[in-house]
Amino acid sequence: MSFQDSIWLTTLVGITGVALVFLYVISQSGRQEEPSAVQARAYALRRWVFGGLIALGVVVTGASLRPFPIAPQHTLQPAPQVIRVVGHQWDWQVDSGPIQAGIPVAFEVTSADVNHGFGIYDADGHLLGQSQAMPGVTNRLVHTFTQPGKYRILCLEYCGLAHHGMILEFDVVAGAEEQS
Amino acid sequence: MSALHPGNEILPPRERGALTLYLVTTLALLLVLMVFGLLMRMAQGTWLHVPPTLFYQLMTAHGAGMVGTVALGGSAVMWYFLRKYVSLSLPIFLTNYILFMLGAVLLLAATFLGHYAGGWTFLYPLPVKSMGIWSVGAAALFMTGYLLIGVGFLLFYLDAMRAVIRVYGNLGRALGVQWLFGGIIDKTHPPTVVASAMVIIVNSLGILGGAVVLVMSLLNAYAPEIVLSALFVKNLIYFFGHVFINISIYMAVIAVYELLPRYTGRPWGVSRPFLWGWAASTVMVLIVYPHHLLMDFAMPRWAAVLGQIISYTSGLPVFTVTAYGALTNIYRSGVRWRLPAMLLILSMFGWAAGIIPAIIDATISVNRVMHNTLWVPGHFHFYLLLGVLPMLLAFMYHLIGGEADRPDRGGDRSAFALYVLGGLAFVLMFLAGGHASVPRRWAVHESGWQFYDQVASVAAAVVIVAMLWFTVRLCRGLLHGPAASAPSPGR
Ligand code: HEM
Ligand SMILES: [Cu+2]
């Protein structure tokens, strides 16, 4: 299951859960009960709902922010591979040279004109990671390709007429150890 | 039915005329803009040939138009209910309408005559760097249209602010902050006043932020020597954009607080959790916008963390105050399921369910693979199409009074069913597209993505058929004078 699959599944489960709660309450709406009795029970239950959501939020926050998902932007330790990426209306200018799998590569992403979005797609069309390409700013995206093969860059920030044409294919080669 | 249509909501003829203008305009714009949406979806699915220039013009008009239109409809809801408690100015209400229409004309002219297609977010520097597709003049026209609309809304909020302060002393007391930490809550303090106070505070600031960035962008357009920082401008634009679209929900939700209790027969008063929910939302809506800049790694780390955490917490009031309150209000109430009640509960579902994919996407690690995919229009169409629009439609169906005590017309219920099913299918196709990593705002889709586009086109057509029914019914009802102003004879 890809990361996207688990996001999708979580969302569907959440939406279905909310839908079931609504359907249950609607199914109960025809009967009549004292408002004060309903309110008392609902308020008691709400404490649990509230507490449960807070607890869930704390756990997810902790788990999702450590390690911090964005690479340090200012670091004295250079990445093993550095690739400079410049977005133009409407093509990508990317340092040539092999990118090796299994070794972190730091993409230094910027733009020569308007905002673009640097999105890395694998051969199956999954988005692996992204960063904005903004004029006057360099964003540092560190990614480790696990597989050699063909990859693509798609533009993920609307940049005008040929935004959907900003696609560039590139190769990732096997890392040194894998070759030997 | 005086319980459904209390006497203090009967409008004098001129006020009625103004409200009708707002609502009929809202309906007509929604319908046209939905058709623009359908055209885009069909183009992506290769069922219709739309050149990319036109696609991006439609996209710009649809985005700007929809955001403006739900704000227009939401302000009508707020005006209608708030005027029961404070005295609002009719000339200002009309001025807002006129400025809105003028602004809308400029937006449409800029888009379809000037070929401006820089998106509703006018993200600097795209408006002034189109590679010759549109002129700087067209971009300036578009931004001037925004300014006019913003000035109109600002006048509306300032008038509401003046009126609220006259009755309640200050905005804090209207919001109920004096009861947050203790004291005996005045149970007759209207939820409408609480919500309106929040809206006034937050959107005045939002619009001011918008005005600043629009003026900066206009200056830069004609004096490029005045160089702007793209990152700073993006912060301001998303601060303004996030606040403005969110406030539309907070204006329209007043209809839920006011109307749902009338159909369930159970009062819905203020409580401490309710006041806390609104006070917290006041702050959170203002500071949550960095979740739009999670992929701008140059932003300080604390901003990204703030964006994630505040996104999580802003869901709490929605779930535990408003949606939960609505469910409690309905549970075993013997509610009469007339169309307004049905639309109101749909709106609560759309809002509560729609923020789930939104909150998940605000998680930085998720945003890395979902940002600017169709996931994003997926979640916001969820709570706009199935949340805010049903609030507005419920309000209007209530106003025309036809569904109150007469059996619903079969057509209304069928249209409702079509709207729900079509709407759900439509938003789920966006989310499915996001799951499949389809980029948003692409005029041309790769063949593997077109299945979603085609299903979504059918679903959108179904929504539009339902909306057409609603529009015809509601416009006729509104123009013929609703039960709210003229009690029907024989009762
Ligand atoms: C039948 C109803 C609707 C249809 C068919 C529709 C269709 C679309 C489509 C195809 C897009 C562009 C998606 C992309 O990025 O590829 C879009 C974007 C958008 N829609 Fe809708 N939509 C509908 C209703 C609404 C409603 C009710 C609202 C707001 C109240 C809304 C607000 C927006 C906004 C703000 C955007 C973003 C525009 C942009 O990315 O610049 N839409 N819609
Ligand atoms: Cu682009």
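Which residues are the protein donors of the copper ion (ligand 2)? Bear in mind that this is a predicted model. The donors are A:Cys155 through SG, A:Glu157 through O, A:Cys159 through SG and A:His163 through ND1, and they lie 2.1 to 2.4 Å from the ion. Along the chain, their spacing reads C-x1-E-x1-C-x3-H. The angles among the four donor atoms run from 88 to 130°, and the site is tetrahedral. Two of these residues, A:Glu157 and A:His163, are buried.

Now for the charged pairs. Over all chains, the whole structure has 13 salt bridges. In one of them, the side chains of A:Arg152 and B:Glu446 meet at 3.0 Å, N to O. Because A:Arg152 sits in strand E8 of chain A and B:Glu446 in the loop between helices H14 and H15 of chain B, this pair joins two chains. B:Glu446 has 25% relative accessibility, so it counts as partly exposed.

Next, look within chain B. The side chains of B:Glu9 and B:Lys84 form a salt bridge at 2.8 Å, N to O. B:Glu9 belongs to the segment before helix H1, while B:Lys84 is in the loop between helices H2 and H3, 75 residues apart. Both are buried. B:Glu9 also meets B:Arg262 in a salt bridge, this time at 2.4 Å, N to O. B:Arg262 lies in helix H8, and 253 residues separate the two. With a relative accessible area of 15%, B:Arg262 is buried, and B:Glu9 counts as buried at 2%. Through shared partners, salt bridges join B:Glu9, B:Lys84, B:Glu258 and B:Arg262 into one network.

Key: Residues are numbered from 1 along each chain as its sequence is written. Chains are lettered from A and ligands numbered from 1 in the order in which they are written. This is a predicted model: local features need pLDDT of at least 70, side-chain atom pairs count only at pLDDT 80 or more; totals for chains, interfaces and linings use all residues. Side-chain values use heavy atoms; hydrogens and water are left out. Donors are N, O and S atoms within 2.8 Å of the metal (3.2 Å for Na, K and Ca); water is not among the atoms, so sites may look incomplete. Four donors count as tetrahedral if all angles lie between 85 and 135 degrees; four count as square planar and six as octahedral if opposite donors are over 155 degrees apart and all others between 65 and 115; anything else is irregular. Buried means under 20% relative accessible area, exposed over 50%, partly exposed in between (1.4 Å probe, protein chains only). A salt bridge is a side-chain nitrogen of Lys or Arg within 4 Å of a carboxyl oxygen of Asp or Glu. Helices (H or I, at least four residues) and strands (E, at least two) are DSSP runs, numbered from the N terminus.
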